[in-house]
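This report looks at one helix pair and at a set of charged side-chain contacts. The sequence and structure are shown first.

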Amino acid sequence: MEDCGGVAAGIGGKKPFQLARSLTYHHGHRPAAAARWRRHHQLAADEPRAQPTRPQAVVLYTTSLRGVRRTFADCSAVRAILRGFRVAVDERDVSMDAALRRELQALLAARGRAFALPQLLIGGRLLGGADEVRQLHESGQLRRLLDGAAGQDPAFVCDACGGVRFVPCAGCGGSRKVFLEEEERVVRCAECNENGLVRCANCCS
């Protein structure tokens with residue numbers, strides 16, 4: 001009869017149940033492999049994840065007034081060039097909002113440039129007016145600059161504003177006046193511009 005420390009047949013001739021031996025105990029390389037696995041995944045978790053890049057904005061300052069024929073023609077020419085690239089353009093008509101005109105004046109003054117229309121910015125970089133845009137277009141550089149811009153069908157027309165980029169103020173209905181019931185007086189609406197308009201939220205940034 002074998003002693004209890006041996007592997008003997010159990011009662012009834014059946015082999016006793018044996019627990020699986022510890023792989024960690026009998027195989028010295030396993031802890032090292034597990035440590036390497038943990039370090040690899042820890043480093044992967046610590047690596048900074050790339051943030052999704054936002055499309056670079058294309059902003060065009062223009063005017064819809066035909067008072068100066070050359071200026072109006074230049075604005076139309078630059079608009080047509082950009083439409084050919086099928087990119088989304090945030091067009092800002094300075095004749096519709098004095099705040100946009102002041103915005104452009106400050107932008108040009110900060111760069112030592114005189115006020116002129118149109119003016120094109122891509123990704124916050126001021127490229128210039130019609131002559132500069134034509135030169136960039138002819139040299140092929142404009143296409144490269146627009147690579148990161150959002151796309152848009154050139155035939156797109158906003159349902160909210162009809163492509164005008166402005167809509168009547170919802171707060172005052174375009175009258176530029178609102179009635180304060182608490183004070184029982186009429187005041188100037190603070191939401192709209194001098195024309196009783198606000199930028200279209202559906203197609204303008």
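The sections below describe a predicted model.

## Packing of α3 and α5

Helix α3 spans residues 69–84 and helix α5 spans residues 130–139. Their axes lie 10 Å apart and meet at an angle of about 30°. Angles under 35 degrees count as roughly parallel, and α3 and α5 are therefore roughly parallel to each other. Their crossing is left-handed.

On the α3 side, the contact is made by R70, D74, A77, V78 and I81. On the α5 side, A130, D131, V133, R134 and H137 take part. By class, this contact of α3 with α5 has five nonpolar, four charged and one polar residues. R70, D74, D131 and R134 are also linked in a network of salt bridges.

Side chains of opposite charge can pair when their charged atoms come close.

One of the salt bridges joins D90 and R199, with the closest N and O atoms 2.7 Å apart. Is D90 buried or exposed? Buried means under 20% relative accessible area, so D90, at 7%, counts as buried.

Strand β2 also holds R92, which is paired with E103 of helix α4. This salt bridge has an N to O distance of 2.7 Å, and its partners are eleven residues apart.

## A salt bridge between loops

R86 and D153 form a salt bridge in which the closest N and O atoms are 3.9 Å apart. A nitrogen within 4 Å of a carboxyl oxygen is what the rule requires, so the pair at 3.9 Å is included.

R86 sits in the loop between α3 and β2 (90–93), and D153 in the loop between α6 (141–145) and β5 (166–168). The two residues are 67 residues apart. R86 is partly exposed, with a relative accessible area of 48%, and D153 is partly exposed as well, at 40%.

## A98 in helix α4

A98 is found in helix α4, which covers residues 98–110. With a relative accessibility of 27%, A98 counts as partly exposed. The C-alpha atom of A98 is 7.5 Å from that of E194, although the two residues are 96 residues apart along the chain.

Methods. Residues numbered from 1 in each chain as written. Predicted model: local features only at pLDDT ≥ 70, side-chain atom pairs only at ≥ 80, totals over all residues. Heavy atoms only, no water. Axes fitted to C-alpha atoms, helices over the stretch in contact; angles between N-to-C directions. Helix = DSSP H or I, 4+ residues; strand = E, 2+ residues; numbered from the N terminus. Parallel < 35°, antiparallel > 145°, perpendicular 65-115°, else oblique. Left-handed = near helix turned anticlockwise from the far one by under 90°. Contact = heavy atoms within 4.5 Å. Nonpolar A, V, L, I, M, F, W, Y, C, P; charged D, E, K, R; others polar. Buried < 20%, exposed > 50% of the residue type's maximum accessible area, 1.4 Å probe, protein only. Salt bridge = Lys/Arg side-chain N within 4 Å of Asp/Glu carboxyl O.
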